[in-house]
Every structure is written in structure tokens, then in C-alpha cells.
Amino acid sequence: MAYDYIIVGAGSAGCVLANRLSADPKNRVLLLEAGPEDKNVWIHVPLGYGRNIDNPAVNWCFESQPEEYCHGQRYFLPRGKVLGGTSSINGMVYVRGQVEDFDGWAQAGCRGWSYDDVLPYFIKCETNSRGASDLHGGDGPLQISDVGEETVINRAMLAAGQEIGIHFNPDINGRVQEGIGWHQASIGKGRRCSTATAYLKPVRHRKNLDVQPEALVRRVLFDGKRAVGVEYDRSGSRHEARAGGAVILSGGAFASPQILELSGIGDPARLQTLGIPVVHDLPGVGENLQDHFAAHLRWRVKNARTFNDRTRGLRAMAEGLNYILRRKGVLTQPTFAIAAYIRTRPELASPDVQLQFFTATYKALGDRSLDPEPGVTIGACPLRLEGRGQVHAQSPDHRAPPAIWHNLLATEGDRRTAVSAMRTSRALMATEAMKPHFEFETTPGPDAQADDELLDYARRFGRSCLHPASTCKMGVDAMAVVDPSLKVHGVEGLRVADASVMPNVVCGNTNAATIMIGEKAADMILAEQNSS
Ligand SMILES: Cc1cc2nc3c(=O)[nH]c(=O)nc-3n(C[C@H](O)[C@H](O)[C@H](O)COP(=O)(O)OP(=O)(O)OC[C@H]3O[C@@H](n4cnc5c(N)ncnc54)[C@H](O)[C@@H]3O)c2cc1C
């Protein structure tokens, strides 16, 4: 079959590209997705994320390699494997990142990616419940709303932040991220707004858009150094599709570098070990893995309701009815509605830590069921880790998972920042505002006081924040994989557009920036097509 554009992966970026590129009826677009249609009902009920976090029917359920600096721990690494990709299973928290993130990309040689360059694409994405403004969109595909509930415990946390000197920020997605405030969420009318529902569903009828779920891409096909199509498995047989314009990899930060390697693009020594013929020597493929780290501190609370108790027994039934009849209540909530963005050192230009305030606790460390008693968790998350990881194909078999090493807490600076973030989390819970609710700290627990004890807890039970990025980084240096127009260096007809191209991961959750990348990629491809 011949197409103009083949997009690999219907995730946060892939669905955006499918929509925008097929808007011109002359373009024949193929979208290949390894996972199924997004029919699972829990995808669409916001609090249903708890059901799909480890559901292999819609989730790759990866695991990290043993982490050297975290006592050899292997983290569970969920990723969406369904239309909408990870935007169909994520926590729906909508954070763009800092002005400094994008200006840093531009300064590193990625012309066209400064904050002022990317802002129009963030605006284009969204229909914001706050209305259109010079920072927000009023008519984009993605529903972005204020959904955080004004519960007793949420109000106490906002007050606690201000009590310890963190100012209230009315718009975390404004030009200044620092402060404590409500997160908006990619939720509309009480339902998850994934990129499949926002960008794909409304255009599935287009005759020039061929969407093939349950299609696992094996590799990109080359004629010399020109990508001409892809080979993939579907319905038990092997298929080939040809692209006259471009193949665009949107498989995410773990799959895109793996597909490049399986296609012969990467470090020649590594490819030869796997018996893969080398098409192009590109040593940066799969290097530079960046993420955020999270150490979770937990408390039992009183005089307040939390997700724990609201999702049990009679209350759960009442919440179910509230959702069905009014699209309100706990089932409409993202993973966390409040966060603080702080600087751990005054000399920093912008925040280096996100403190995520969850009004829920897991029953035990390593157990993903909710505690029966009311509880809160603060995720202490360094945002600018110095350590870098890797992701690589570990077998020539495209069905084998890639090998993933994060190298979390690899540097002294990363460890110091993690401990400092944990201490500020405790300071929030020790405020007058939290006094009426504070029962006791469950983990790491009051016995852990010294830096070493906190660090030991972080190493044992901390984990990736699930924001992997930068494994096919955009740039102009020798380790860059794509150039600022997202074309893979050294070959033709091949681009990457997903979280893997971020030169450095943004400071905040990564879905919004990935959708922006999809929008900008489509715009660049269409501009080039129209000028040729
Ligand atoms: C549990 C969880 C919670 C999160 N919560 C938030 C949050 O609250 N807010 C936020 O901003 N970010 C959050 N994130 C991160 C965010 O969702 C991701 O950064 C973003 O979705 C990445 O988009 P992507 O397009 O790069 O990849 P994905 O959305 O993962 O898309 C890649 C797609 O490619 C497909 N694919 C992969 N390999 C192949 C192949 N060989 N053939 C065919 N298809 C293939 C995959 O199945 C997938 O659908 C969360 C992530 C996780 C895992």
C-alpha cells in the first residue's frame, strides 16, 4: 500500500500528526498503532487510571533494568499501548513546563523552539475552560479544565504552602511556574481527553486517513539512506506499507529509539552485536534518557476525606451515582490536583522540584491498592536531574521489550535535591494549616531523620516519575538524533516526533509538551510540502 505519510504510534504526538496531516484530502496518511481501539471504559472515566496502570491489555508494562544507584531496584514502567498511547492511561495533569525549558532548547541550537516559538502551538492545542487569552486557547481539540475539588484537605494544602512561604500561583501554565496552585487537567465534561478522543475520533471518517490498530511495526524500510516505508505485523501476518513523503516515528521515548535501532540506525557496534545491518551510524540513538524522579512520602490524616475512603463501601456507591448522574465527584479527578513548584537553592533561576499532592495513599509500599484509612501522599520530584540513562534494543526481535536504565540518583547533586524536596514535603505537613489533619507519617516514618536515612528510603522506594524523554534528542551536536525540523540526521524521509525529541525534559509532566511537539511537527511538514 502506498501513502504520503506513515505515522508509527497513535500516542500523544501520533494522533495529533494523523489529524493535522490528513486535514489536506490530498495527503494519504497511515497511522499504525500496536495497541487496540480505546474501548476499555476505564480509559474514559478519569479516576479509572488506577485500573489501567498495570493492565497489559492497554499497557506495555515495561520494567527497568536494575538501577545501580537505587539498590538494584527494578521499577515498573507503564506506557500506553492503545489508541491515544500514554495519553489514554496517564494522570491527566496538564503542565506545559517552564519558559526556561524551551528557551534552553533554542539556546542549545534548536532554532524555532524557544518559548515564544512554541507558545502558539500550546494555544492551538487547547480549549481551556478559563477561556481564550494571550496564553490559552479557546477552540483547540484538547479540553483543558479546572477540575480540582475544593475539599478540606486540598484547601489545607494550599494554605500550608503559603504558610511556609510558597506563594499561590493562579496559573502554573503561565509565564512563571513557581508557586503552589491548582493544576488544570486534560479532562472535559467529566471524561478523559486523550489525543485519541480529541484529535483522532473526530476525523476517523476521513477517507485519506487509514488507522490500523493492533499493528506492531518491525522496522523502517530503506532504499539506500532514504526511508521508503515500514514493515509491520497485523492479524498474524507481515505487511509492508510505502511512504512517498515521510515515515514519522511517534512511538514514545522507549519505542522510537528501539525502532530506529531495529531499522539499522544507531551505534554500529551495538547494532552489530544484535546482528542488525547498519544503515546509518548515529551514536546518540537511545542515549540521553531523561526523566523526573519521585520519592513518595505518606501520612495518615483525620478530619478530612480522601480518595481512600471515598472509593469504599457506601461512599463509593454514592460517588458512582454522582458521576453517572452529574459527572461530578471523585471519579472526575486527575491523579493530583495541586502541586508546588519550588527552588531548592535560592540562586536557581526557576524551580527544580515539583511537590505533587495526592489525596490518596497506597496500602503498602509496592502495593497499588488504596489504603482503607484516609491518607495523603506527597511526591517529592526533582525536575532537572543531572544523571542520564539509556534505552536500547536488547534483541533483534521487535517483540522483545527494550532495555531501560534511568540511572536515577546517579549524582551527588540529584541526591541532595531529592533529600531537600523530601524535607520541604515534611515542612508542608508540619504547618498550622495541616495540624487539624495530621495523624502520623506512615512512610518513611518519623525514625528516618538524617539525610542518609531519607536518601536510603528514596533509593529503595523512589522511582521514575514516568516522564521519559530525550532518547532521540533534537539538536545539532554529535549525539543529536534529529535536527530542529525533527528529521533524523544522515538519512532522508524519516522524522521522529514524540517525547523522545526533547533536548532536555521539560520541568513538569510531559503530555502537554509532547502534544505541542506533534502540532509543531505537523506544521513544519505541511509547510515544507506546500513550499515544494
Ligand atoms: C502512568 C502514567 C501517568 C502519567 N501522567 C501524566 C500526567 O498526569 N500528565 C502528563 O503531562 N504526563 C503524564 N505522563 C506522561 C505522558 O503521558 C507522556 O509523556 C506522553 O503521553 C508521551 O507521549 P508520546 O507520544 O511520546 O508517547 P505515547 O503516548 O506513549 O505514544 C506512543 C505510541 O506508540 C505505540 N507504539 C510503540 N511501539 C510501537 C510499534 N513498534 N508499532 C506500533 N506502535 C507502537 C504505543 O503503543 C503508543 O500508543 C504519564 C505517564 C504514565 C506512564
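The second largest cavity is lined by Leu289, Gln290, Asp291, Leu385, Gly387, His406, Asn407, Leu408, Leu409 and Asp414. The model is predicted. This second largest cavity has a volume of about 40 Å³. Its lining divides into four nonpolar, four polar and two charged residues.

In total, four cavities of 30 Å³ or more are present in the structure. Three elements each supply at least two lining residues: helix H6 (152–163), helix H10 (307–310) and strand E20 (353–358). By type, the lining of the largest cavity comprises eight nonpolar, six polar and three charged residues.

Helix H8 spans residues 252–262 and is mostly covered. Eleven of its eleven residues are buried. Among them are Phe254, Ile259 and Leu260, and also Ser256, Gln258 and Glu261. Just after H8 comes Gly264, with a positive phi of about 95 degrees.

Ser87 sits in a loop between strand E4 (76–77) and strand E5 (93–94). Its relative accessibility is 2%, so Ser87 counts as buried. A polar atom of the Ser87 side chain lies 2.6 Å from the backbone oxygen of Gly84. Beyond its neighbours within four places in sequence, Ser87 is in contact with Ser12, Arg192, Ser194, Thr195 and Asn511.

Terms used:
Residues are numbered from 1 along each chain as its sequence is written. This is a predicted model: local features need pLDDT of at least 70, side-chain atom pairs count only at pLDDT 80 or more; totals for chains, interfaces and linings use all residues. Side-chain values use heavy atoms; hydrogens and water are left out. Buried means under 20% relative accessible area, exposed over 50%, partly exposed in between (1.4 Å probe, protein chains only). Helices (H or I, at least four residues) and strands (E, at least two) are DSSP runs, numbered from the N terminus. A polar contact is a pair of N or O atoms within 3.5 Å; within protein, one must be able to donate a hydrogen and the other to accept it, and residues adjacent in sequence count only if both atoms are side-chain atoms. Contact means heavy atoms within 4.5 Å. On a 1 Å grid over the protein atoms alone, a cavity is a set of points where a 1.4 Å probe fits but cannot get out, and a pocket is an open set with protein on both sides within 12 Å along at least five of seven lines; lining residues have an atom within 4 Å of a point. Grid points are joined across faces, edges and corners, and a volume is the space filled by probe spheres set on the points. Ala, Val, Leu, Ile, Met, Phe, Trp, Tyr, Cys and Pro count as nonpolar, Asp, Glu, Lys and Arg as charged, and the others, Gly among them, as polar.
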